[in-house]
Amino acid sequence: MSTPEPIKWKNGSLYLLDQRKIPFEISYVKCVNYIDVAEAIEDMIVRGAPAIGIAAGYGVVLAAEGGICGVQSAIERLSKTRPTAVNLFWALKKMEEATASFLKATDCKYSSSESVEAKLKDYLLETANKIHQEEIQIENLIAFYGQRLLPERCNVLTHCNAGSLATGAVGTALGIIKMGKAMGKDVRVYCDETRPLLQGARLSAWELWMEGLDVTVICDNMAAFLMKKGGVDLVIVGADRIASNGDTANKIGTYNLALLCRHHGIPFYVAAPRSTIDMDLVDGEAIPIEERRPEEVRSFGGAKIFLDDISVWNPAFDITPNDMVSGIITEVGILEKPYKRSILEAASKSLCLEEIKKSEESIGKWRKGR
Ligand SMILES: CSC[C@@H](O)[C@@H](O)C(=O)COP(=O)(O)O
């Protein structure tokens, strides 16, 4: 069985897999305008750094019917949905640049004729499709390079969901694990349940189970004991934003795992595309951390667990300092310390055609084996 696609563009509308309902219901929400897309991002119908960026790109396409003003309003609204994942802003910048180059090429800045709007929509759709398609290639490469760090026989712990559901492709952290299995490695995966929204238990465990991996769910507070008992060889997580020095924002609880890894001498890896790296930030201190509604902590799987009168703190992400990260797996290879230098070098590298071919062959194997 394979994981359903989280993002589909069909007949001029965007369909988003409703990730709030997984694993008990597989249904899609139809978005016909950018406001629908913005609300879907805020409500976590679509989530995960790359997927948010891809969905936002299509959101801008939906706004093209309103001409340049429509596009501008969409970019403004979509950029206010979730603050931490930089892929959102990266994708919106691509859409803004595409709009500018369309205007330059057609020289029709102030025109609002229907035919211009239709052409703009086609042009923006091409850009959004390209963002989506490139993500597939990039993640195949991340999965491929990640094999160097994945032993033939290992127990991996992961947090939140950095899989197909979060990216629209094979996944970053989970892509490495899936490709490892396809290559015949004996991989066992532990998924932290990932409170408060349980992306690990609901999404990662389901995704890996659907794809035939040996997966076990643990509560977030069990990781230390599991490590103590020798049950974890390495940790691999995704990222929502990486500062130019390698400090990494990811789902709340990731920093706990990094601390536990340091104590137990376990490698802690981050897997992410370069679009997750924010070259404008010197360090993680400047990464904006989203704070979400208290109700998410007050309930568990929809059932209330404590009184409304008791206050709640609900940061959605935390920051792991760069010195705790054993390596950053990207589409241009594994970045090592000092990250300031390796990140800067990675920024100007091109994708290696030979490796693209090899990674696609391995992913093909994985697909056949499912
Ligand atoms: C490849 S996805 C990487 C991250 O986006 C993922 O680990 C994560 O933290 C997602 O958080 P979410 O709040 O579910 O959007």
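Visitor: How far apart do the C-alpha centres of domain 1 and domain 2 lie?

Guide: In this predicted model, the C-alpha centres of the two domains are 25 Å apart. Domain 1 covers residues 7-138 and domain 2 covers residues 140-369.

Visitor: How many residues of domain 1 are in contact with domain 2?

Guide: On the side of domain 1 there are 24 such residues, and they meet 30 residues of domain 2. Helix 2, helix 4 (86-106) and helix 5 (114-146) each contribute at least two residues to the side of domain 1 that touches domain 2. By class, that side has 14 nonpolar, 7 polar and 3 charged residues.

Visitor: Why is the ligand said to lie between domain 1 and domain 2?

Guide: Both domains give residues to the shell around the ligand, so the ligand lies between them. Of the 17 residues around the ligand, those that come nearest are Arg 47, Ala 49, Ala 166, Gly 238 and Lys 251. Helix 2, helix 6 (164-167) and strand 9 (248-251) each give two or more residues to this shell.

Visitor: What makes helix 2 roughly antiparallel to helix 3?

Guide: Helix 2 (residues 49-63) and helix 3 (residues 67-78) pack at an angle of about 150 degrees, with their axes 8 Å apart. Angles over 145 degrees count as roughly antiparallel, and therefore helix 2 is described as roughly antiparallel to helix 3. Their crossing is right-handed.

Visitor: Which residues of helix 2 meet helix 3?

Guide: They are Ala 56, Gly 59, Val 60 and Ala 63. Their partners in helix 3 include Gly 70, Val 71 and Leu 78. This contact has 7 nonpolar, 3 polar and no charged residues.

Notes: Residues numbered from 1 in each chain as written. Predicted model: local features only at pLDDT ≥ 70, side-chain atom pairs only at ≥ 80, totals over all residues. Axes fitted to C-alpha atoms, helices over the stretch in contact; angles between N-to-C directions. Helix = DSSP H or I, 4+ residues; strand = E, 2+ residues; numbered from the N terminus. Parallel < 35°, antiparallel > 145°, perpendicular 65-115°, else oblique. Left-handed = near helix turned anticlockwise from the far one by under 90°. Contact = placed C-beta atoms within 7 Å. Nonpolar A, V, L, I, M, F, W, Y, C, P; charged D, E, K, R; others polar. Near = placed C-beta within 6 Å. Domains from an automatic or database assignment.
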